[in-house]
Structures are given as C-alpha cells and as structure tokens.
Amino acid sequence: MDQAERLRHIINSRNYKKQNNFKVITVTSGKGGVGKSSFVVNLAVALKLRGIKVAILDADIGMANVDIMYGIKSKYSLYDLIFNNKSINDITEITPEGVKIIPGGSGLKDIVDLNEEQRNRLLEEFEKLDDIDVLIVDTGAGISNIILSFISVSDEVILITTPEPTSLTDAYSLIKIIKGRYKDANINVVINKVKNIKEARETFDKLNKTVNVFLKTSINYKGFLFKDERVTLSIIEQRPYVIAYPKTEASMCIFKIASDIIGHKNENKNTTIKDLFFKLFGRMGLGS
Ligand SMILES: Nc1ncnc2c1ncn2[C@@H]1O[C@H](COP(=O)(O)OP(=O)(O)OP(=O)(O)O)[C@@H](O)[C@H]1O
Ligand SMILES: [Mg+2]
C-alpha cells in the first residue's frame, strides 16, 4: 500500500465508523407531563459531557419547550426552513453546553404535504448537519402518524412513565399501538419520579407483565429517575440539572442512562440525519 492509498484507506474507514455511529432515539409517553422534555434536555447534556455530538429535534408540535429549558428562545423552526427559505443553520440553536436544537414547530406536520422540490431542499439542508452522533427526538404526549413514522426509523424508543396508575395505563396503550404497528420496535422504559429503586423495578415489572400477557411481547428496562425537587428548580432556573446540580439524585440517574446508551453499540438504522428524513418520506408514502 503506497502512502496515498493508505491515506484513502484511513479516510474511508473513518467515514465508515462515523456513519455507523449515528443513533436516533425517540422519547415519548402515553400521558403528558411525565418528564419527557426535562429528561431529553439533561440526557443530551450528559451525552455531550461524554464527548458525544448531540442534537435534539423538538417534535412537540403543540408545546415545544426544549429551548426554554436551556434558557434559549428559538426564533425559527422547520416551518421557516420549509416555507420562509431559512437555512438549517438559521433555525438551529446551540446551547452553552454545545447541544444543537432543531425546533420542529408546526413545520413537522406539514412534512407530509411537501412537494418534491421542498422535500429535496429539506434533505439538502439536513445534509449540512452531518456532524451529529446522537439525535434525540422529543415528542408531545400520545401518538400521531408523524411520531409513529419517527419511531419506525429510530434505533430506540424511550418511553417515560411514572408509577402512577394513570400514567401506566396510558404507557400500556401506547406500547400496544407501537407494537401493533411495528412489532420489532425497540421500546425502552424509564420510570420517572420514583421514591426508590424498588418502586422503579416493581413499576416496570407490572408494566412488562401486562405487555407479556396481553401483547405477547416484551419491553426493556432502561432505568429510572428519582423524584427530585432540583428537577423542577432547574426548569425554573432554565439550566439543565446535570450542569446546575451534577450531584443531585436525578443527575446520577441521567449519567447512568447516558453511559448505558454510549456502551450499547448496535447496528444503527440511519447513517445521517438526511438519511433519516429520506426514510421518513418513504414511510409517509412520499416515495424517494
Ligand atoms: N424526576 C423528577 N422529579 C421531580 N419533578 C419532575 C421530575 N421529572 C419531571 N418533573 C416535573 O414534571 C413536570 C413535567 O416535566 P416535563 O415538562 O419534562 O414533562 P413532559 O413529559 O415533557 O410534558 P409534556 O407532555 O407537556 O411535553 C415539570 O414540572 C418537572 O419539573
Ligand atoms: Mg415536553
């Protein structure tokens, strides 16, 4: 192998490695207000602190608030990219910790109605965002066709529930819908606002048992977050608690889940965010 050839080999193997590292995680819940957005905001920072390049797609069409939790107010969203000729860099916000936020806004629900030219422009803009290892998609509560499409092209779904019976029954209904549509969906459950580890484990076991018996399938236990008043405080202060209170109980839980995500090396479904949206268009029946 001559020097030029060796260089080409190194570059190619680097690209290969980078492409396979792109992971998409969709965070969802049956019931609202169970802690999805605060989980997403802090998980993103915890991953960034470990050297992972993270972006959040705020796909909560009704009440997007990821930016506010970081103390930022985004000016634009995907809507402006699609309809007002803004570039991906115009609409992307970067937090002080270096997490990229892509506000979906009402543009997300318009994705289904895009013509070919608009679709191609969206893909071209996403191509500029190739420097992401993990994309976390924060969703509103409940389910819509667009969120189901995201779930189908995600590497993992993180479903958040609390131990409350109403949250659990809504989580079960959501699992039923997801597994009914995509039986191989990789659903990982995080139990939020628990008093202790035992409560987390028992809550998961109860949910998993119901899923086993009635849906003849299973879900994975991803972890738990303690009920911690610093979580609410950090939302008021508009600073992620993993930064403001790194030693608080909820931070410890987030760091553990972040380590688990980093340690899990699966074959990922998409190579880049452009590839993800390309597949999404396919799922929505828009062709390639
Ligand atoms: N581990 C926790 N301990 C204490 N309070 C928490 C915890 N996690 C979330 N909360 C509180 O729950 C409330 C809802 O949190 P958050 O906005 O993250 O939920 P959400 O699931 O994104 O809501 P929505 O469905 O409206 O998008 C917030 O007031 C937050 O402070
Ligand atoms: Mg939310």
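Residues count from 1 along each chain as written, and chains are lettered from A and ligands numbered from 1 in written order. In this predicted model, local features need pLDDT of at least 70, side-chain atom pairs need pLDDT 80 or more, and totals for chains, interfaces and linings use all residues, while side-chain values use heavy atoms, without hydrogens or water.

Trainee: Which polar side chain lies 2.9 Å from a nitrogen atom of ligand 1?

Mentor: A polar contact is a pair of N or O atoms within 3.5 Å. Backbone atoms of Phe226 and Asp228 each lie 2.9 Å from a nitrogen of ligand 1. The side-chain atom at 2.9 Å belongs to Asn192.

Trainee: How much of the accessible area of ligand 1 does the protein cover?

Mentor: Accessible area comes from the Shrake-Rupley method with a 1.4 Å probe. On its own, ligand 1 has 640 Å² of it, and the protein covers 82%.

Trainee: Which elements give two or more residues to the shell around ligand 1?

Mentor: Helices (H or I, at least four residues) and strands (E, at least two) are DSSP runs, numbered from the N terminus. The elements are helix H2 (36–49), strand S7 (187–194) and helix H11 (229–237).

Trainee: And which helices each supply at least two residues of the lining of the largest cavity?

Mentor: A cavity is a set of points on a 1 Å grid over the protein atoms alone where a 1.4 Å probe fits but cannot get out, and lining residues have an atom within 4 Å of a point. Among those lining the largest one are Ser38, Val41, Val231 and Ser234. The helices are H2 and H11.

Conventions:
A polar contact is a pair of N or O atoms within 3.5 Å; within protein, one must be able to donate a hydrogen and the other to accept it, and residues adjacent in sequence count only if both atoms are side-chain atoms. On a 1 Å grid over the protein atoms alone, a cavity is a set of points where a 1.4 Å probe fits but cannot get out, and a pocket is an open set with protein on both sides within 12 Å along at least five of seven lines; lining residues have an atom within 4 Å of a point.
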